[in-house]
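Student: Could we go through this model together, starting with the aromatic side chains and then moving to the core?

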Amino acid sequence: MAMSVKHMYIIIVTLGVLSFIFGVIAENKKPANGTAILGKGVVICKYRSDHTVALGLLSVIFLAASAVAGFSSLFYPYKGKSIPQAVLLRSTSFVVFLNVALGTTGLAAVLLLWPIISEQLHITRNIHHKLQTECPTANTGLLGGGAFLSLDSALFWLVCLMLSNNARDDYFEDTAADLKGGDAVNYEEDVVIKSA
């Protein structure tokens, strides 16, 4: 079965919504802090079992899949017909939305990966020689912000897909008109020619 623009819409939206859902759940499940256990000259931070890192990584994976699907859908040859990339890049609005989609995807990835990596570092490096350690966790709000940006990114990929679909339709209409020789002109019915 060949892919259609409608299928790509559904794939991009589904992946973007899944990234959003996993990111929001990861933000809500993140513990506020760990429990400090005093030892001989060290503090061992014990964190309760949670799935913040795993859920955050799932959010990043779905964000990446949504971005790959979004970008590849722009240049995919639907119905076996491809168009030159220069035709798409000639449109200013397409280029602007493509850059916005790429930017929001990158920013969402940064906002999702930053707390995931820092949370994993807090969990694995849990022995501190500073006795005043309060057993911190990753910054609050970054996962949620990254989740919302991943949803925004999917929506911008959809706008890019709509603009590329319009450019594709215009290109094929212009090509078909050029192959037919343009609109046929009937000189016998032309008022200007008759009056001359």
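**Rings, helices and cores**

Tutor: To start with a charge and a ring, the charged end of Lys-81 sits over the ring of Phe-172, 5.3 Å from its centre; sitting over a ring requires NZ of Lys or CZ of Arg within 6 Å of the ring centre and within 35 degrees of the ring normal.

Student: What kind of model is it, and how are residues numbered?

Tutor: It is a predicted model, in which local features need pLDDT of at least 70 and side-chain atom pairs count only at pLDDT 80 or more, while totals for chains, interfaces and linings use all residues. Residues are numbered from 1 along each chain as its sequence is written, and side-chain values use heavy atoms, with hydrogens and water left out.

Student: How many aromatic pairs does a search of the whole structure find?

Tutor: The search finds seven, where rings of Phe, Tyr and Trp (its six-membered ring) pair if their centres lie within 6.5 Å, and planes under 30 degrees apart count as stacked, over 60 as edge-to-face and the rest as tilted. Among them, Phe-22 and Phe-62 have ring centres 5.6 Å apart and planes at 10°, so this pair is stacked. Phe-22 is in helix 1 (residues 5-29) and Phe-62 in helix 2 (residues 52-75), 40 residues apart; helices here are DSSP runs of H or I with at least four residues, numbered from the N terminus.

Student: And why is the pair of Phe-71 and Trp-157 edge-to-face?

Tutor: Their ring centres are 6.3 Å apart and their planes are at 85°, so the pair is edge-to-face. Because Phe-71 lies in helix 2 and Trp-157 in helix 5 (residues 142-180), the pair ties together parts that are 86 residues apart in sequence. Phe-71, Phe-75 and Trp-157 form one aromatic cluster.

Student: Is Trp-157 buried or exposed?

Tutor: Trp-157 is buried, with a relative accessible area of 1%, whereas Phe-71 is partly exposed at 39%; buried means under 20%, exposed over 50% and partly exposed in between, with a 1.4 Å probe and protein chains only.

Student: Switching to the largest nonpolar core, which residues touch the most other members?

Tutor: Of its 20 residues, those are Ile-12, Leu-74, Phe-94, Leu-98, Trp-157, Cys-160 and Leu-161, a nonpolar core being a set of buried Ala, Val, Leu, Ile, Met, Phe, Trp, Tyr and Cys residues joined through side-chain atoms within 4.5 Å.

Student: Which helix gives the most to this core?

Tutor: Helix 5 does, with six residues.

How values were computed:
Helices (H or I, at least four residues) and strands (E, at least two) are DSSP runs, numbered from the N terminus.
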